[in-house]
Amino acid sequence: MAGSPEQPREPAGRDGPGRGGPGRGGGGEFASGDLRVAVGDRGPVRVVTVAGELDHDSADGLRAALARPPSAAGIERIVVDLAGLRFCDSTGLNVLLRARLDARAAGLRLEVAGPVPLVARLFAITGADDVLRVHPDLRTALAASEKGPAGPGAPPEPR
């Protein structure tokens, strides 16, 4: 089982691993290759924490985590915490951009926080930082208003 491409782990809710269930607090952990993804809710914000390397071989872990619709009422935003992400290729970038479109279609906003310089450079070179709201860190992202500015060049938010 350790060698399979994606291994969703039992959600780790408030009651510990396997007891929280997918519907309680949005908790869950996903592992895929050298990528670890944890999902949890902080008030109206779904936080998806990513660590490791995001590439063609590991993207399914993040894709699976972002495909889970927020089950908790009142979720307004999804923040992907990239502080622990050491590497991201075009596949990973495409997963984030696709998730942004899916979130927008669901009436949510997907934002990213804490990209390391290598990932921030990928966003800058590709123009992804013009469409993604990028926060310097998770703390700033959580404190930011949902309706705050989306950054230079970002399309206006729908009314």
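This tour moves through a predicted model, from its nonpolar cores to a strand residue and then to a pocket.

**The main core.** Begin by selecting Val48, Leu62, Leu66, Val80, Leu82 and Phe123, the residues with the most contacts inside the largest nonpolar core, which has 30 residues. Next, colour the elements that each supply at least two residues of this core: strand 5 (35-42), strand 6 (45-54), helix 1 (59-67), strand 7 (77-88), helix 2 (90-105), strand 8 (109-113) and helix 3 (117-126). In soluble globular proteins, nonpolar side chains tend to be buried together.

**A second core.** Now select Val45, Val47, Leu138 and Ala141, which are among the six residues of a second, separate core.

**Leu66.** Return to Leu66 and display its surroundings. Neighbours within four places in sequence aside, Leu66 touches Val48, Ile78, Val80, Val95, Leu96, Ala99 and Leu110.

**Gly84.** Move to strand 7 and select Gly84. Is Gly84 buried, partly exposed or exposed? Gly84 counts as partly exposed because its relative accessibility is 34%, between the limits of 20% and 50%. Beyond its neighbours within four places in sequence, Gly84 is in contact with Val50, Ala51 and Gly52. Draw a distance from the C-alpha atom of Gly84 to that of Thr49: the separation is 7.9 Å, although the two residues lie 35 residues apart along the chain.

**The second largest pocket.** Finally, select Leu66 again, together with Ala67, Ala99, Asp102 and Ala103; of the 16 lining residues, these are the closest to the centre of the second largest pocket. This pocket holds about 220 Å³ of space. Which helix gives the most to its lining? Helix 2 does, with six residues. The lining comprises 11 nonpolar, one polar and four charged residues.

Technical notes:
Residues numbered from 1 in each chain as written. Predicted model: local features only at pLDDT ≥ 70, side-chain atom pairs only at ≥ 80, totals over all residues. Heavy atoms only, no water. Core = buried A, V, L, I, M, F, W, Y, C linked by side-chain atoms within 4.5 Å. Buried < 20%, exposed > 50% of the residue type's maximum accessible area, 1.4 Å probe, protein only. Helix = DSSP H or I, 4+ residues; strand = E, 2+ residues; numbered from the N terminus. Contact = heavy atoms within 4.5 Å. 1 Å grid on protein atoms, 1.4 Å probe; cavity = no way out; pocket = protein on both sides within 12 Å on 5 of 7 lines; lining within 4 Å. Points joined across faces, edges and corners; volume = space filled by probe spheres on them. Nonpolar A, V, L, I, M, F, W, Y, C, P; charged D, E, K, R; others polar.
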